[in-house]
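Biologist: Could you walk me through how to read a few features of this structure? I'd like the general idea, then the case at hand.

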Amino acid sequence: FQFYRYDWLEIHDGNISSSPLLGCGRYCGKPRHNPIMSNGNAVLVRLFTDKEITNTGFLIKFEAGNMHY
């Protein structure tokens, strides 16, 4: 993993922290990322923060539904 000095999110494919990470693993900064899709009916979003510098934070858009192949 790249070193993340301040705040970041991890998105896990399941409801426990030992579940595999989705997407690039850790998210921080301003770039928009491609949609992330889980393989089941649960995801865990974990926020890690250094509590030092405050800014606008993170924006997550969540959508639930059935996949159509």
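Modeller: Happy to! Cys28 is partly exposed because its relative accessible area is 26%, where buried means under 20%, exposed over 50%, and partly exposed in between (1.4 Å probe, protein chains only). This is a predicted model, where local features need pLDDT of at least 70, side-chain atom pairs count only at pLDDT 80 or more, and totals for chains, interfaces and linings use all residues. Residues are numbered from 1 along each chain as its sequence is written, and side-chain values use heavy atoms, leaving out hydrogens and water.

Biologist: How many disulfides does the rule give?

Modeller: A disulfide is a pair of cysteine sulfur atoms within 2.5 Å, and the count here is 0. Cys24 is in no disulfide, as its nearest cysteine sulfur, that of Cys28, is 8.3 Å away. Cys24 is itself partly exposed, because its relative accessible area is 44%.

Biologist: Is Ser19 buried or exposed?

Modeller: Ser19 counts as buried because its relative accessibility is 12%. The residue sits in the loop between β1 (8-12) and β2 (21-27); strands are DSSP runs (E, at least two residues), numbered from the N terminus, and helices are runs of H or I with at least four.

Biologist: Which residues does Ser19 touch?

Modeller: Contact means heavy atoms within 4.5 Å. Leaving aside residues up to four places away in sequence, Ser19 touches His12, Asp13 and Gly14.

Biologist: And where does Val45 lie?

Modeller: Val45 is in strand β3 (residues 44-48), and counts as partly exposed because its relative accessibility is 41%.
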